[in-house]
Amino acid sequence: MTDKSKLVAVVDDDESVREALPDLLRAFGVQVEAFTSASSFLGSPAYSLADCLVLDVAMPEMSGPELQQELKKRGRNIPIIFITAIRDEDIRKRLMREGAVDCLTKPFSDDELHEALRAAKVTKT
Amino acid sequence: MTGVPEKGSSRTLLNDMSDMVMVVSENERLRRCMNDILSITALPAVWSGGNVNDIGRALLDALSAILDVDFLLLRIEKHGDQPDILERLCSAEVSNSAVENLIATLGKSVGDWGHQAQMDWGASSYRLATEKLGVHGNIGVLVAGSRLPSFPSEQDRLVLHVAANQAAVAINEAFRVREDARAAAAREHNKIVDAIPVMAWSTLPEGWADFFNGHFLTYLGMTAEQAAGWGWTTALHPDDAGPLQSVWMQLLASGTAGEAEARLRRWDGEYRWFLFRANPVYGDDGSVVRWYGTNTDIDDRRRIEEELRRSAALMAQAQRLTVTGSVWWRPATGEIFWSDEAYRVAGHPIGTAPTVEMMLDRCHPDDLPIVAEFITGAVRQGQNVDLEHRLIMPDGATKYVHVVLQNIGTDPTDPEFIGAVADITERKIAEENLRRSDVLLSEGQRISRTGTFSWKVETDEITFSEELNRIFGFESGGQVDFDRIIQRVYEEDLPLLATKMADVRQGGDNPDYDIRLFVEGQVKHVRVVGRIVKHLDGTTECIGAVQDVSAQRIAELARDKLRSELAQLARVMSLSTMAASIAHEVNQPLSGIIMNASTCLRMLSEAPPNVEGAVETARRTIRDGNRASEVIVRLRNLFKRGVATVEPLDLNEAIREVLGLLATDLQRGRIALLAELSNPLPLIVGDRVQLQQVIMNLLRNSIDAMTEVAQPERGILVRTTVENGESLVIVEDHGSGLKTADTERLFDAFHTTKPNGMGIGLSVSRSIIEAHGGRIWAESNPSGGAIFGFSLPIDRDGSNEGPVAEPN
């Protein structure tokens with residue numbers, strides 16, 4: 001039901017998200033690696049290995065959308081699921097236009113997350 | 001009486017003869033008659049060229065010799081005058097009185113005298129024979145009288161008739177000659193009178209003018225008839241007629257010669273001055289028979305006199321005004337002349353003979369050496385003098401004088417100086433004052449950091465005051481031009497300078513603008529105010545002042561920044577930032593809780609269940625729940641933050657401070673704000689900053705509501721009142737109004753009607769007001785717009801310092 005070979009990278013400055021989200025993702029049967037910032041992700045092997053990126057919008061230093069632009073600039077095409085604490089339709093539309101798979105507003109349900117992972121083609125069911 | 005001896009002899013001869021020869025007597029009588037007639041007809045040869053009287057006398061002489069009469073009388077009528085009466089008494093018995101009697105008898109009118117008459121006089125009776133001369137006796141009448149009864153005989157009559165005819169012809173001729181001579185003399189006289197270059201005239205004794213020479217009449221442009229009598233006086237100048245007439249009347253009364261000056265109008269209307277001279281001519285009895293006079297043109301003399309007088313007056317006036325006296329000095333002779341003003345300057349009585357000592361006496365002791373040196377140089381070498389020195393006046397005052405002496409003499413050993421001495425005390429004082437005010441002005445400019453400039457627009461000549469040079473960082477006194485100015489203007493403001501200069505060149509308004517300079521690595525803010533002056537020669541000058549307002553501007557900027565920060569704090573912090581922060585702070589742990597709970601469920605539903613993992617996730621769920629709770633506490637503390645500073649405060653004062661912060665926004669929105677603040681308003685207890693946030697929130701809502709609608713009357717009313725032991729603050733506007741009937745919902749969090757609103761402001765406001773134990777409400781304004789208000793309990797005892805209840 002799950003494809004063990006898929007790797008999902010989580011980038012969020014909030015500790016509780018970094019704790020809770022990987023466990024939930026693993027429950028969906030994917031491998032997970034969590035990073036506190038965009039730069040630590042870019043400097044890790046996960047940068048080239050990850051099949052999907054779960055990315056917080058508002059972060060210190062490089063923000064989620066900036067990382068999205070940076071990856072695009074580097075030609076690293078990787079499905080991105082944004083997560084944000086602030087509901088803003090304008091930002092959501094812009095991110096989707098830039099190629100994001102989904103943009104989830106915190107708090108989100110496990111079903112919403114699972115649906116997004118399916119859209120990112122990391123889970124099949 | 002000359003004829004008496006001849007008459008006697010002729011009569012004796014006749015008596016002797018009559019008795020002797022009777023026959024020859026008739027012949028003799030005829031012959032004698034012929035001779036008599038011949039002798040009479042010979043008379044005209046004797047008369048030729050003679051005058052009338054000579055003719056008369058010769059006639060009477062001849063007749064007395066011929067006729068035997070007692071008297072003869074010849075009356076000659078003249079033209080216009082009294083007749084001449086010539087008498088010849090031929091016997092001792094008659095006298096003058098007899099002739100007078102005769103005239104009385106016959107009457108004055110000769111024409112009425114009869115051919116023959118008889119006259120009784122005394123005891124005698126006279127027979128008279130009369131012959132008229134000329135037609136109806138118009139030339140005269142010849143009368144012969146005799147006591148002889150035979151008189152007049154036929155021969156007597158014949159002789160008398162012939163004699164009368166001869167005399168008439170001769171007298172007529174004599175008259176004609178006399179008149180011709182008179183006419184010629186009159187013509188000659190008039191020619192002379194007309195030729196003399198003065199106006200000549202004559203008048204009758206009482207002043208009635210009867211003659212004017214041609215010169216006079218030509219000048220007046222009048223005919224003799226127009227000028228006659230008093231007609232000429234119409235040509236007198238109105239100002240002179242009275243005085244002249246009074247002089248003339250005095251002369252007429254006194255009968256003495258005299259003169260007066262008066263203006264006479266020429267034919268072309270121009271008045272000229274004349275000297276009128278009148279001379280009387282006296283008759284035998286000493287009375288004036290006639291006045292003769294001349295008028296001499298003295299206009300040029302008068303004009304020169306007038307000009308001399310005027311220029312002398314002008315000169316004196318000029319000297320008086322300029323306090324400058326004239327001086328003439330010839331050292332060799334010691335002659336000195338001072339004008340009146342020179343006396344005044346030196347402080348000596350006018351008219352005292354001036355001396356060099358008089359000048360040196362007044363000299364200030366300190367200046368005496370230099371003055372003496374100059375005087376010596378002038379006397380010895382004829383050197384010109386030009387110096388300023390001081391005088392000490394008798395009253396102790398100091399005078400400054402400027403003395404200039406110029407040697408105009410030709411002989412070096414005999415210098416002759418003309419010059420001037422001017423009182424320059426006022427100028428000196430003015431110079432001193434000017435110097436002082438210059439110092440004050442530049443000091444004033446320095447203190448006020450204001451420089452002045454002049455810009456001649458056509459030629460771009462620019463002058464800077466010292467302070468302006470300092471402001472621009474130019475060296476003092478250097479040449480200023482636009483190139484140098486432009487180098488000092490802050491780059492971003494160069495277009496502004498160009499615009500303002502172009503405005504002036506195009507004849508725009510007086511410039512008044514702020515601009516920045518960049519001087520010695522420092523930005524300076526200056527304010528420029530100019531006045532455009534149009535000169536009479538058509539050129540334009542811009543005169544103005546430049547003030548360095550850097551310090552002021554920096555203070556203003558700091559104040560603006562502070563104000564905007566404050567307003568921003570009140571606005572942004574209480575609204576959007578707070579909303580975002582609430583959302584972020586609460587959503588973060590919330591999403592953790594949900595994720596952990598989901599993971600926990602999934603772990604427990606696995607086969608076999610991952611209990612260990614589920615416990616861990618459940619533990620994290622509790623932790624996140626606590627975290628969320630902490631967030632809420634933190635938010636509450638945020639609201640509570642200011643409540644720590646609880647104090648009695650005056651709401652009116654708090655409102656005024658907020659109005660001050662909002663002044664710019666009100667102005668920008670063209671909103672009139674009316675504050676009706678109850679005075680006095682009892683103090684309330686609370687947090688000043690929080691309450692001010694509420695007031696600002698309400699006012700800002702009103703401003704936004706007003707800006708949304710095109711309301712002609714844009715006004716906000718803020719009032720404070722006291723009601724039921726509470727202080728009320730009410731804000732009324734005429735804006736877009738409340739869009740919901742449920743006014744309570746307005747204060748719910750996240751309820752907003754504004755496009756960019758977060759729906760937080762009113763809810764926070766309610767929290768604050770309720771935390772202060774008050775109430776907040778909203779209602780529709782009956783005249784359109786909305787009314788918001790809040791009430792706070794009055795601080796009764798003034799000692800309520802306990803914390804206010806926390807907002808819910």
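This briefing describes the chains, cores, strand pairing and backbone features of a predicted model. Chain A has 125 residues, and chain B has 808. In chain B, a nonpolar core of 37 residues draws on helices and strands from α20 (651–668) to β27 (786–793), and strand β24 (715–723), one of its contributors, pairs with both β22(B) and β25(B).

**Chain A**

- Six helices and five strands make up the secondary structure of chain A, and their order from the N terminus is β-α-β-α-α-β-α-β-α-β-α.
- Buried residues account for 53% of chain A.
- Of the contacts in chain A with a separation of 6 or more, 63% involve residues 24 or more positions apart.
- Chain A has an accessible surface of about 5900 Å², and carbon and sulfur atoms hold 48% of this area.

**Chain B overall**

- Chain B contains 22 helices and 27 strands, and 40% of its residues are buried.
- For residues at least 6 apart in sequence, 53% of the contacts in chain B join partners at least 24 apart.

**Nonpolar cores of chain B**

- In soluble globular proteins, nonpolar side chains tend to be buried together.
- The largest nonpolar core has 37 residues, and L699(B), I716(B), F788(B) and F790(B) are the members that touch the most others.
- Elements giving two or more residues to this core include α20 (651–668), α21 (688–708), α22 (761–771), β24 (715–723) and β25 (726–733) of chain B; the most, eight residues, come from α21(B).
- Another core, of 36 residues, lies apart from the largest one and has W47(B), I76(B), L142(B) and V162(B) among its members.
- Beyond its neighbours up to four places away in sequence, I716(B) touches residues including L666(B), L674(B), L699(B), I703(B), M706(B) and V731(B).

**Strand pairing around β24(B)**

- β24(B) pairs in the parallel sense with β22 (residues 672–677) of chain B over six bridges, and G715(B) in β24(B) is the bridge partner of A672(B).
- With β25(B), β24(B) pairs in the antiparallel sense over eight bridges; here E723(B) stands opposite E726(B).
- β24(B) and β25(B) form a hairpin with two residues between them, and N724(B) in the turn has a positive phi of about 50°.

**Backbone features in loops of chain B**

- Most residues other than glycine have a negative phi, and most peptide bonds are trans.
- A cis peptide bond, with omega near 0°, runs from A607(B) to P608(B); P608(B) is in the loop between α18 (550–605) and α19 (611–640) of chain B.
- The peptide bond from N679(B) to P680(B) is also cis, with omega near 0°, and P680(B) lies in the loop between β22 and β23 (684–686) of chain B.
- D460(B), which is not a glycine, has a positive phi of about 60°; D460(B) is placed in the loop between β16 (450–456) and β17 (461–464) of chain B.
- D460(B) has a relative accessible area of 29% and so counts as partly exposed.
- E520(B) has a positive phi near 50° and belongs to the loop between β18 (512–519) and β19 (522–534) of chain B.
- Because its relative accessibility is 67%, E520(B) counts as exposed.

**Surface patch of chain B**

- W208(B), W230(B) and M249(B) form a nonpolar surface patch with about 290 Å² of accessible area together.
- W230(B) lies in the loop between α8 (224–227) and α9 (238–254) of chain B, and its relative accessibility of 32% makes W230(B) partly exposed.

Key:
Residues are numbered from 1 along each chain as its sequence is written. Chains are lettered from A and ligands numbered from 1 in the order in which they are written. This is a predicted model: local features need pLDDT of at least 70, side-chain atom pairs count only at pLDDT 80 or more; totals for chains, interfaces and linings use all residues. Side-chain values use heavy atoms; hydrogens and water are left out. Helices (H or I, at least four residues) and strands (E, at least two) are DSSP runs, numbered from the N terminus. Buried means under 20% relative accessible area, exposed over 50%, partly exposed in between (1.4 Å probe, protein chains only). Contact means heavy atoms within 4.5 Å. Accessible areas come from the Shrake-Rupley method with a 1.4 Å probe; for residues, only the protein chains shown count as cover. Patches are made of residues with over 30% relative accessible area and no salt bridge: like charges are joined within 9 Å, nonpolar side chains (Val, Leu, Ile, Met, Phe, Trp, Tyr) within 5 Å. A salt bridge is a side-chain nitrogen of Lys or Arg within 4 Å of a carboxyl oxygen of Asp or Glu. A nonpolar core is a set of buried Ala, Val, Leu, Ile, Met, Phe, Trp, Tyr and Cys residues joined through side-chain atoms within 4.5 Å. Two strands pair if DSSP finds at least two bridges between them.
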